[in-house]
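Here are my notes on how the two ligands are held. Keep the structure open as you read.

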Amino acid sequence: MAVVKRIFSGVQPTGNLHLGNYLGAIRNWVALQNRDEYETIFCIVDLHALTQQPEPEALRSAIRATAAAFVAAGVDPTKSVVFAQSTVPGHAELSWLFSCLTPLGWLNRMTQFKEKAGKHRDNAVLGLYAYPVLMAADILLYRATHVPVGEDQKQHLELARDIAGSFNQRYGVDFFPLPEPQILGAATRVMSLRDGTKKMSKSDESDYSRLNMSDDADTIALKIRKAKTDMDALPDHIDLLEARPEARNLLNIYAALTSRPLEEAVAEMAGKQFSDLKRVLTDAAVSLLGPFTAEYNRIMADPAQIDAFLRLGTDRAQAIAAENLAAVQDITGLLRVR
Ligand code: AMP
Ligand code: TRP
């Protein structure tokens, strides 16, 4: 069947991948990759990670670790294009062209910048502010039409659509598609195990807040045992979860891990104690993450092989990017004499 949709998504190589990354994004990538009508491109966004000033050695190993995690989670580097963002220079180039079209007012609305910059906004680096413009360039460099991400990226995608529309309008062309978010599955927003109102995140200080994809069975059991709860038995209806963020989060994770709707997980656990839920949740998490960890360790033992499949991905990505960038140079009036 002919390819009708081009999918692009990315993850930052910062720290461990956690269950939120898997359930919110990577699991959906694997499902999309295996459908004939989709062409899938998955990127390790190392230029985005530089906004946090990582140590060079830590960044280098996180890029390989993220690539290994993609593959261990089921991304097939011969079916999907898997590569590191910085190895295709067009991302940074297109980002500059877009930054010349993006009003500051649009960027001032970005909630992730406000969160990350904190109170001392004057000290935040330009790259953090321009982060969503680079993200728009990532997607549009490939003229991707669909972007599978977790809920937290919705606003950035709206900006990418606005930038695409603004470019098309400024130059009177219909060149960039308006990329659509694909926010799929039961767990588009996995919350912290320590606070059901906060997103599970790589940057949380407490490792107990998240289940890392590389945690072993004992660590998973310990983190779930220590996960925050409230005092009551588990409710018998989904509406009652509104006021109980920890119950909602653990039930939501349980539902996602066992690939069922939340209603079914709620019905199974109705009237039971948190300790009962934690027991079945631990089993479900261990049976998902166990095989992942084994595969991840196997891949990580051979960095040369990781580099080889990343190189293959770069070649394939670069071929698409070069063609689109040449068209953009023509559209914008830049000479192509090099
Ligand atoms: P990041 O770790 O911020 O680079 O995010 C990579 C991908 O994982 C993006 O698609 C995010 O939307 C998704 N993601 C990150 N944290 C979570 C979470 N707590 N719940 C669901 N999806 C998430
Ligand atoms: N900003 C995304 C995140 O933190 C990562 C990302 C960068 C991305 N470029 C992208 C996601 C392009 C989807 C498409 O999760």
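1. Start with D138. An N or O atom in its side chain lies 2.7 Å from a nitrogen atom of ligand 2. Bear in mind that this is a predicted model.

2. In Y131, a side-chain N or O atom is 2.8 Å from a nitrogen atom of the ligand. Taken alone, ligand 2 exposes 360 Å², and the protein buries 90% of that.

3. Now look at the shell around ligand 2. It has 13 residues, and H48, Y131, M135, D138 and Q153 come nearest. By class, 7 are nonpolar, 5 polar and 1 charged.

4. Where does ligand 2 sit? It is in the largest pocket. Two elements, β1 (5-11) and α7 (126-140), each give two or more residues to its shell. Helix α7 gives the most, with 4 residues.

5. Turn to ligand 1. It also sits in the largest pocket. Of the 18 residues around it, the nearest are G150, D152, V190, M200 and K202. The shell has 6 nonpolar, 8 polar and 4 charged residues. Helix α1 (residues 19-33) gives the most to this shell, with 4 residues.

6. Check the oxygen atoms of ligand 1. One lies 2.4 Å from a polar side-chain atom of D152. A backbone N or O atom of G150 is 2.8 Å from an oxygen atom of the ligand. For K202, a side-chain N or O atom is 2.9 Å from a ligand oxygen. Alone, ligand 1 exposes 480 Å², of which the protein buries 92%.

Notes:
Residues are numbered from 1 along each chain as its sequence is written. Chains are lettered from A and ligands numbered from 1 in the order in which they are written. This is a predicted model: local features need pLDDT of at least 70, side-chain atom pairs count only at pLDDT 80 or more; totals for chains, interfaces and linings use all residues. Side-chain values use heavy atoms; hydrogens and water are left out. A residue is near a molecule or strand if one of its heavy atoms lies within 4 Å of it. A polar contact is a pair of N or O atoms within 3.5 Å; within protein, one must be able to donate a hydrogen and the other to accept it, and residues adjacent in sequence count only if both atoms are side-chain atoms. Accessible areas come from the Shrake-Rupley method with a 1.4 Å probe; for residues, only the protein chains shown count as cover. On a 1 Å grid over the protein atoms alone, a cavity is a set of points where a 1.4 Å probe fits but cannot get out, and a pocket is an open set with protein on both sides within 12 Å along at least five of seven lines; lining residues have an atom within 4 Å of a point. A molecule sits in a cavity or pocket if more than half of its atoms lie within 2 Å of its grid points. Ala, Val, Leu, Ile, Met, Phe, Trp, Tyr, Cys and Pro count as nonpolar, Asp, Glu, Lys and Arg as charged, and the others, Gly among them, as polar.
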